[in-house]
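Subject: Structure handover and notes

Hello,

Please find the structure below, followed by notes on what was found in it.

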Amino acid sequence: MKRILPLLVLLTVIIGCKSSKKTTSVKPVSITVKAPDEDENTSDSNTVNNTVENESALANEIVRTALSYSGTRYKYGGITSKGMDCSGLLFVAFKQHEVPIQRTSSMMASQGVKIKIRDVQKGDLLFFTTGKNKRRINHVGLVVAVKNNDVKFIHSTTSRGVLISSINEGYWNYAFKEARRIL
């Protein structure tokens, strides 16, 4: 019995992942980040700039909240510091700042505006298909930084909990499906 228990625990951890890592071929994602254009100082551009600054400030706050959960262990359906899944992490971070967002990654993928990966900004959502069905979105991450054609995002994985990854990592590059802007 003592030999079976560790095997059951190990098997539960492996099966609990519900994702299959397929790294045989990687579809390259070309990321080009463009700098914002300088606007003339007109009242219309000032209004637009203030709106963008407010959205940027909100995105920073949501990212800061998500980052506060770094290292939290993975728990399917979890939304507390004791454990959370990928969509639970984002649900909590957005809810804390009174931004309504759906609870599951597949439902989140129907919100906001679909954008190209080269246009992502801090606070945007990245969606992935990590399961056997490559048409069904089952993982989500929050963009925390865009720098030198690299997009960093925070998410929760079954094996390592809440952490920051790069879209340029082979597995995440292969599994990437789409990006969306909620804010």
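Glu-178 is buried, with a relative accessible area of 10%; buried means under 20% relative accessible area, exposed over 50%, and partly exposed in between (1.4 Å probe, protein chains only). The side chain of Glu-178 meets that of Lys-114 in a salt bridge at 3.9 Å, N to O. A salt bridge here is a side-chain nitrogen of Lys or Arg within 4 Å of a carboxyl oxygen of Asp or Glu. Glu-178 sits in strand S8 and Lys-114 in strand S3, so the pair ties together parts that are 64 residues apart in sequence. Helices (H or I, at least four residues) and strands (E, at least two) are DSSP runs, numbered from the N terminus. Lys-114 and Glu-178 also belong, with Arg-180, to a network of salt bridges.

Two notes on the source. This is a predicted model, in which local features need pLDDT of at least 70 and side-chain atom pairs count only at pLDDT 80 or more, while totals for chains, interfaces and linings use all residues. Residues are numbered from 1 along each chain as its sequence is written, and side-chain values use heavy atoms, with hydrogens and water left out.

Other salt bridges

The structure holds 6 salt bridges. One of them joins Asp-124 and Arg-181, with the closest N and O atoms 2.8 Å apart. Asp-124 lies in the loop between S3 and S4 and Arg-181 in strand S8, so this pair connects parts that are 57 residues apart in sequence. Asp-124 counts as buried at 3% relative accessibility, whereas Arg-181 is partly exposed at 22%.

Another salt bridge is formed by the side chains of Asp-85 and Arg-103 (3.2 Å, N to O). Asp-85 is in the loop between strand S2 (83–84) and H3, and Arg-103 is in the loop between H3 and helix H4 (105–108), so parts 18 residues apart in sequence are tied together. Asp-85 counts as buried at 8% relative accessibility; Arg-103, at 23%, counts as partly exposed.

The sheet

The chain has 5 helices and 8 strands, in the sequence pattern α-α-β-β-α-α-β-β-β-β-β-α-β. An open sheet of 6 strands runs in the order S3-S8-S4-S5-S6-S7 with antiparallel pairing; two strands pair if DSSP finds at least two bridges between them. Strand S3 (113–115) and strand S7 (161–166) are at the edges with a single partner strand each, so one side of each is left without a neighbour in the sheet. Direction ignored, neighbouring strands of this sheet are turned by 35° against each other on average. Helix H3 (residues 86–95) packs on the sheet and touches S4, S5, S6 and S7, and its direction makes about 65° with that of S5. For such angles, axes are lines fitted to C-alpha atoms, for helices over the stretch in contact, and angles run from 0 to 180 degrees between N-to-C directions.

Strand by strand:
- S3 and strand S8 (residues 176–181) are antiparallel and joined by 3 bridges; Val-113 stands opposite Arg-181 in S8.
- S4 and strand S5 (residues 139–147) pair in the antiparallel sense over 4 bridges, and the bridge partner of Phe-128 in S5 is His-139.
- S5 and strand S6 (residues 150–157) run antiparallel, joined by 5 bridges; Val-146 has Val-151 in S6 as its bridge partner.
- The hairpin of S5 and S6 has 2 residues between the strands, and Asn-148 takes a positive phi near 50° there.

Aromatic residues

A search of the whole structure finds 5 aromatic pairs. Rings of Phe, Tyr and Trp (its six-membered ring) pair if their centres lie within 6.5 Å; planes under 30 degrees apart count as stacked, over 60 as edge-to-face and the rest as tilted. Phe-128 and Trp-172 form an edge-to-face pair, 5.1 Å centre to centre with 70° between the planes. This pair links distant parts of the chain: Phe-128 is in strand S4 (residues 125–128) and Trp-172 in helix H5 (residues 170–175), 44 residues apart. Both Phe-128 and Trp-172 are buried.

Whole chain

Of the 183 residues in the chain, buried ones make up 39%.

Regards

How values were computed
Contact = heavy atoms within 4.5 Å.
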